[in-house]
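I opened a notebook for this structure and wrote down what I looked up, entry by entry.

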Amino acid sequence: MKQFDFRLVREALHERAVLLKIAPHLVDPQPFLMPVSGPLKSLYYDFGLTIYDFFDGSRAVPWHRRLSFEQVRELEPGLAAPLMTGAMEFYDAQVRSARLVLENIFDAIGNGAVCANYVRAESHARDENYLWRVRLTDSISGETFETKARSLIDSTGPWARDPAPRLVRGSHIVMPRLNASNHAIAHFEDDGRIIFFIPWGERGERTLIGTTDVDHDGSPDDVHISEEEVRYLRTIAARIFPVSARMEPVAAFSSLRPLLISHGSATKATREHHIYRDPQGVIRITGGKYTTYRAMAEEAADLAVAEVAPGLKRVHLTAATALNGNTPQAIQELLKGTRALAKQYHVAESEIMMLIRQYGLLTAAVLNYVETAEFITRGDVDAARFVFAARHEMAVQRRDFMEVSTSLGLEGVHFGQAGPPIPPASI
């Protein structure tokens, strides 16, 4: 919005509304507080958020409103933003990002796709029949094999080449829960950078603080938060939540944004995307942002279909089809049955709700791996999730479970708390 890229704002808000409908177990409305200082700042952000609300024609989340200093204090007594006179309350959405990736993979498999974890494309070339011949390597066994395709799409993100994207690193620190309410905090520094303090974690026991925007010049396989980034985030955290100065981060992590090549500040680098067919005939996906992944996939699929079946009518269903049947109605019915599931499996209701928010309609399938006992602890639940990940989610290494199937590793949970080793028969 601050870059006046209204087309991207409109597209992102539309896709946010779509995700709230097609993956309601993984995408939730998230209230934010934006502290303001004085009437001029209040009017400035009020105007900007009014435009933001206007672009969101779906009304998928409530519109913004002003809160007085007293109202903010009641919600967040530990919040100490400098010169704060009140706040704007607005809504965005929070997503369990890695699980949404898994949900898309399994939805694709359900629709006929063949998906394989730890398989690397080594080379590609077209044969005399104009078919792509792609050499693949199983990274676990070392086996090499070949497959054929009528269309080839490069969606390798940070690993893309010809052209390589601009890699911008976003880093976070994870603290014990600082937010008293369910509101996230959106704090603007004097230089215009925004830092979020988000209630986070599968069981809501953490606060996620970030993000940074730093150009990454190294390999996409070697991405770590720097000491400078940790100091930067901790310094801001100590100002906004002074109690955090007496705490140590329980975890920290970094990710890469593969953006279109641009000049100037990494913070202001465009989040637009570009999808095209290169001179060799490979469809390339470059740039973009997580929120618009579905629209980007739809655009790339249209390009592929136009190549292999020019006369085929294009049918777009993904914006209106819940992933793996997880409709809002289905999730609401599951939540209504929380008490019954808790009684059936001897699991706390809070754990049942956590599982529904991670697995949706597969909640009972996960619970079937919980060993029978008079009372099931959260460790028992995580052990069941561990086995489920190995048997049904292509988890091979422990990190697959700790950072993909769950976010326990990113929350600073030690592996010993997460369950037994992956059963060899399940790999």
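**Entry 1: terms and model.** I note that the model is predicted. I then looked up the secondary structure and found twelve helices and 15 strands in the protein chain.

**Entry 2: the loop with P163.** I looked up P163 and found it in the loop between β7 (153–154) and β8 (166–176). The peptide bond that joins D162 and P163 is cis, with omega about 0°. D162 is also in the loop between β7 and β8. D162 is not a glycine, yet I read a positive phi of about 55° there. Is D162 buried or exposed? At 65% relative accessibility D162 counts as exposed, because the cut-off for exposed is over 50%.

**Entry 3: another cis bond, another positive phi.** I found a cis peptide bond from G210 to T211, with omega near 10°. T211 sits in the loop between β11 (206–210) and β12 (214–215). I also looked up M394, which is not a glycine but has a positive phi of about 60°. M394 belongs to the loop between α11 and α12 (398–405). With a relative accessible area of 27%, M394 is partly exposed.

**Entry 4: R271.** I located R271 in the loop between β13 (251–259) and β14 (273–277). The relative accessible area of R271 is 17%, so R271 counts as buried; the cut-off for buried is under 20%. What does the side chain of R271 meet in a polar contact of 3.3 Å? I found the side chain of D213 there. I also noted the backbone oxygen of A269, 2.7 Å from a polar atom of the R271 side chain. Leaving aside neighbours within four places in sequence, I listed the residues in contact with R271: L8, D213, R257, L259, A266, G288 and K289.

**Entry 5: aromatic rings.** I looked up the ring pairs, for which the centres must lie within 6.5 Å. By this rule the count is eleven aromatic pairs. In one of these, Y359 and F388, the ring centres are 5.8 Å apart and the planes stand at 90°, so the pair is edge-to-face. Y359 is in helix α9 (residues 349–359) and F388 in helix α11 (residues 378–392), so the pair ties together parts that are 29 residues apart in sequence. Y359 is buried, at 1% relative accessible area. F388 is buried too, at 4%. Elsewhere I noted that ring pairs link F32, F90 and F196 into a cluster. One ring has a charge over it: the charged end of R126 sits over the ring of Y130, 3.9 Å from the ring centre.

**Entry 6: the whole chain.** How does the radius of gyration of the protein chain stand against that of a compact globule? For 427 residues a compact globule would have a radius near 22 Å, and the chain has 23 Å, which agrees. I read a span of about 70 × 60 × 45 Å for the C-alpha trace along its principal axes. Of the 427 residues, 44% count as buried. The chain exposes about 22,200 Å², and carbon and sulfur atoms supply 56% of that area. Among contacts between residues at least 6 apart in sequence, 67% join residues at least 24 apart.

Technical notes:
Residues are numbered from 1 along each chain as its sequence is written. This is a predicted model: local features need pLDDT of at least 70, side-chain atom pairs count only at pLDDT 80 or more; totals for chains, interfaces and linings use all residues. Side-chain values use heavy atoms; hydrogens and water are left out. Rings of Phe, Tyr and Trp (its six-membered ring) pair if their centres lie within 6.5 Å; planes under 30 degrees apart count as stacked, over 60 as edge-to-face and the rest as tilted. Helices (H or I, at least four residues) and strands (E, at least two) are DSSP runs, numbered from the N terminus. Buried means under 20% relative accessible area, exposed over 50%, partly exposed in between (1.4 Å probe, protein chains only). A charge sits over a ring if NZ of Lys or CZ of Arg is within 6 Å of the ring centre and within 35 degrees of the ring normal. The radius of gyration is taken over C-alpha atoms; the globule rule is 2.2 Å times the number of residues to the power 0.38. Contact means heavy atoms within 4.5 Å. Accessible areas come from the Shrake-Rupley method with a 1.4 Å probe; for residues, only the protein chains shown count as cover. A polar contact is a pair of N or O atoms within 3.5 Å; within protein, one must be able to donate a hydrogen and the other to accept it, and residues adjacent in sequence count only if both atoms are side-chain atoms.
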